[in-house]
Protein chains: 4
Amino acid sequence: MQLGMIGLGRMGANIVRRIVRDGNTAVGHERHQGHIDELSAELGDSFQGSTDLKEFVAMLDAPRVVWVMIPAGATGGAIDQLAELLEPGDIIIDGGNSRYHEDIKRAKALAPKGIHYLDVGTSGGVFGLKRGFCLMIGGEAEQVKYLEPLFRSIAPGVEAAPRTPGRTGEPTPAEQGWLHCGPAGAGHFVKMVHNGIEYGAMAAYAEGLNILQHANVGADHGDGEHSAEETPLEHPEYYQYDLDIPDITEVWRRGSVVASWLLDLTASALYADPNLDGFSGRVSDSGEGRWTVDAAIDTAVPVPVLSAALFQRFSSRGEALYADKMLSAMRKAFGGHNELPES
Amino acid sequence: MQLGMIGLGRMGANIVRRIVRDGNTAVGHERHQGHIDELSAELGDSFQGSTDLKEFVAMLDAPRVVWVMIPAGATGGAIDQLAELLEPGDIIIDGGNSRYHEDIKRAKALAPKGIHYLDVGTSGGVFGLKRGFCLMIGGEAEQVKYLEPLFRSIAPGVEAAPRTPGRTGEPTPAEQGWLHCGPAGAGHFVKMVHNGIEYGAMAAYAEGLNILQHANVGADHGDGEHSAEETPLEHPEYYQYDLDIPDITEVWRRGSVVASWLLDLTASALYADPNLDGFSGRVSDSGEGRWTVDAAIDTAVPVPVLSAALFQRFSSRGEALYADKMLSAMRKAFGGHNELPES
Amino acid sequence: MQLGMIGLGRMGANIVRRIVRDGNTAVGHERHQGHIDELSAELGDSFQGSTDLKEFVAMLDAPRVVWVMIPAGATGGAIDQLAELLEPGDIIIDGGNSRYHEDIKRAKALAPKGIHYLDVGTSGGVFGLKRGFCLMIGGEAEQVKYLEPLFRSIAPGVEAAPRTPGRTGEPTPAEQGWLHCGPAGAGHFVKMVHNGIEYGAMAAYAEGLNILQHANVGADHGDGEHSAEETPLEHPEYYQYDLDIPDITEVWRRGSVVASWLLDLTASALYADPNLDGFSGRVSDSGEGRWTVDAAIDTAVPVPVLSAALFQRFSSRGEALYADKMLSAMRKAFGGHNELPES
Amino acid sequence: MQLGMIGLGRMGANIVRRIVRDGNTAVGHERHQGHIDELSAELGDSFQGSTDLKEFVAMLDAPRVVWVMIPAGATGGAIDQLAELLEPGDIIIDGGNSRYHEDIKRAKALAPKGIHYLDVGTSGGVFGLKRGFCLMIGGEAEQVKYLEPLFRSIAPGVEAAPRTPGRTGEPTPAEQGWLHCGPAGAGHFVKMVHNGIEYGAMAAYAEGLNILQHANVGADHGDGEHSAEETPLEHPEYYQYDLDIPDITEVWRRGSVVASWLLDLTASALYADPNLDGFSGRVSDSGEGRWTVDAAIDTAVPVPVLSAALFQRFSSRGEALYADKMLSAMRKAFGGHNELPES
């Protein structure tokens, strides 16, 4: 089967590599000729590409299958341009991180032209080439069926995890790591919630490890001298542990309830940089976490954990500063309290 | 009636002033002779004092009534010393911010000596002289009854607020601003929860005002250039308000649902310092907010709001930093994401 | 001055009453002739009305001023109909709880017709007649200026609260209880955040009072028999308080830091129904709380408190049930834990 | 090596099985002779036991190693009895879920008798026999070293997970799934935080899946009839997905960022009971989650996520009811709002 790929960044290129590895061919489009040449050198006859969109489309056999794998902000424009060049029966796949609202609108807009549209939430990050990508797919069933060979090559396959007890016989697509979730937008909806969960789980680890990191504060509180603006530690004897956090994340990887791929990565990051000196702690968020909370609010679902994780990221970037100053101003006003100096 | 006061700081001195104003007398104890002299000059024959604890006790008529109004950290020691000098029938009042656990222990320890103990949670801050102090009292009913004249003088009185519909006849103590809440510790327990609520309400205002402060971010987002690490504003046209926050807090003071004394103080602070330039945003917490959440956890009461308010104070002092670095390290590990530079 | 009022429910009728009381006249529009007749009987020549929109408009002098005070869901349609009947120079006021996005769109849509549009966030609830309404206004400055006499009559006036220290001379509009916040939408934006704060403050009280309500759980834990699925109380002696919550809310009304109008109402509700037997605990939310959190997310403002208050309302209506079942399913899966029976 | 085991429940028995499998021997103590007989039948000469504590101790060779694996509530008493029967040089291991405060006290109390004490936080649940147990150990280094052969047998071993990049050579204990975390209490401290993280991660999945479960609410909102007490869905077209949640948890197990052991179990539970009909949603908490938040508060670490997860469990058991009624009472008081009927 043949796949057109717009965007040969890490994820796009790795998807191409995985399908070519299984005997398929690919055509790429990219701004930089260099990226195309590199991939050509690596993949030989199975890959060709062009920096010109029209030429790229011409290289594809009908019905054309074009996977768009570029930053969310640029996706809409790229699809509009592409749609001008495609024909009825062709298929556009948005594999990026678009908001699912866009998918619903795009599928509707493309339908009169006979162009099919699939949204494919793609998880796997920088490890996808080796580990495979988890694919959450929205769109019409017929096109999903048609593209099954490609999805199989891109997804990790059933052997990537032990089968769930009771699941026997021919592995389902879900067991292979790809799933047709529902109509247009369903793929990005499920991917969005996936990322929302990711934010929450990451925060759970980060908060817990932060407690471990503070477990020795009792050792520094021997002197008993405290400002009235500070709550003294009632039991300093309970906080005298100098813990090895890299080793603790390592030990949890085997046999514990919190073992996970995120924990594997955390242990790895801490082994490489035990004090996290390479980080300042300004944590970005890339949209999905926000949209997840928006969706929860729309549907009246309580998400105290997912939202707390999101807000902590905002706070990490200094966005709480005005609120904090306001609190200090109130404390000064009613109690005459002065702020603590930076220690 | 006569009251002994240990600690002539702002709150102790103002309590003395309020009772003397109503015809009672007071005896003070303080480290600094200067504070005693000042108060003597102001109050004349109604007040005398000593820097020597023994002498202070000797100035009191039996049964002695001694109110201890010093920082929580010093209260325990002061009461121990005092107890050595008192006699059966005397009464010790802890008007500070002790944890109510201490009250339970102290009342028990003093009982065999025949010394009575009351814990009096005292709210009112720097405005107490004029506004009166709200008193939440724990201890034996007989002693509370005996001290009623003092509590009446210290509390604001019924005229401080319109009577609750249906409450008629002789105003109850609660309507006058003082209340016998229950046995030893009940006063500080109720005061503790009062402060927990205060943390939550303060945070509600601070967060809301922070949204108002960000209401103009759409005006700065016209260029469309965004890092992949930043979520662009989907509708910049909705965030183009340059709001006058001091005026908004002022308008809410009259007729709105969020009118409150805290809002009065906030409006006042913003009128004096419209941009809060005098504050750095490092917000202290003084124990009660923590103890409130501890009590909630012990009794399985969900307090998502009160705890969020507490944790935001911790974050304001940089205590989330390690967790934030951990999140950045994870994002780097699975997605190759770099942190945003400080803008 | 003359005001047209569409919607003579409690709030609409009370606004009419307040302006008539100050010598203005009003024209009303309502589905039910009965409401119109009642108000006519009460207000005499100062008020007339019609159930027919066209007739209602004909009763107004140009430039017509029409205040729409009906449920948010019906407002859009009513304004569309009204706009067909008005002329250049007329003014429409939306005094309801529309989302401010709508205001921006409506103002834009009405501008070509020469019809002015103001959005007036109106707080005060059922007490507005006596207490006055707090008005947060968005729109063009010229029309706000023109309507000043009406706003003055509707708002509480400066005497409703002590003046903020430092504010002297002629009271500003904000001090009188009405404020021109900014261009179209600014009034509802500020009102929206006001309600978001209200949710947070209400939750702060509710959570704190819930702790007080649980303060006696230690008295029931004497037997020491506990299921392994339940955490026993470590110190039952700390939770033996049988507190009088109506009295506690009453005592806080005078002199304490948490004194507020919400607390006044809470004390009043508890005096009338001390055990809250009249309530089931299913708490509605009416939009503003959700939109406040949406706005915070759009602008990257951390609102852990406001969102927790919102989510608790969702939970109160059973919306967490599926998540809770999921947690039980996980606990069963990894630890063999059974759910606790309903006690 | 020989191990004494007090408590032959699932976890105790499985630990015995794992060490016997590696050529060690075990002596068991249990109330029920039946459990002892069963294990004897299964393990032959490698295992003996007694329902009598004195006899059990007599069966052990000095220095005796006794692992206590019983509910936290009973552990203290059992250790006291045991200590009466042991001799200097013997070792007591608490493998249960004691609060680490107890460990610090016990180690101190046993030291004068020459009895050593280790606290071993043990994770692995019902899968430990096959998967191995993750061991977090507190106590003196010499005894930990001495018991290494047992810990090796109980822990999963390095092959249970891919090695962290950069970790080469002889696998460290942490890589084998057991770790000496620090002095007395450190093992249970780390296990406590582990469980706190577990609560947070579980809640992240549960909240996200709850959003998926609500993704079809737009399909039911076609009629447009809404009470003023309910916020209508602004965009019902965005919530028309009938998602297969068991399949979604399955697809995430391979290649996604949220793959984890907890997710494996969740997928398994949903495969067996797709609608979770077997659960009522009353979620217990067993102490560690509470103690984790307590420790965070003591050390001023913000834990908005871990605490939200804890509080949601409280709410699932109806503990928010009084607070919810209070909110309804306030809404009624200021706005005349009635509660929504149960739908």
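The same surface serves both copies, since 100% of the contact residues of chain A recur in chain D (contact: heavy atoms within 4.5 Å).

This is a predicted model, in which local features need pLDDT of at least 70, side-chain atom pairs count only at pLDDT 80 or more, and totals for chains, interfaces and linings use all residues. Residues are numbered from 1 along each chain as its sequence is written, chains are lettered from A and ligands numbered from 1 in the order in which they are written, and side-chain values use heavy atoms, without hydrogens and water.

Chain B contains an open sheet of eight strands with mixed pairing, in the order E3-E2-E1-E4-E5-E6-E7-E8 (strands are DSSP runs of E, at least two residues, numbered from the N terminus; two strands pair if DSSP finds at least two bridges between them). Strands E3 and E8 of chain B stand at the edges, each with a single partner strand, so one side of each is left without a neighbour in the sheet.

| Edge strand | Residues |
|---|---|
| E3 (chain B) | 47-50 |
| E8 (chain B) | 178-182 |

Within the sheet, E6 (residues 116-123) and E7 (residues 134-138) of chain B run antiparallel and are joined by five bridges. Asp119(B) has Gly138(B) of E7(B) as its bridge partner.

Key. Helices (H or I, at least four residues) and strands (E, at least two) are DSSP runs, numbered from the N terminus.
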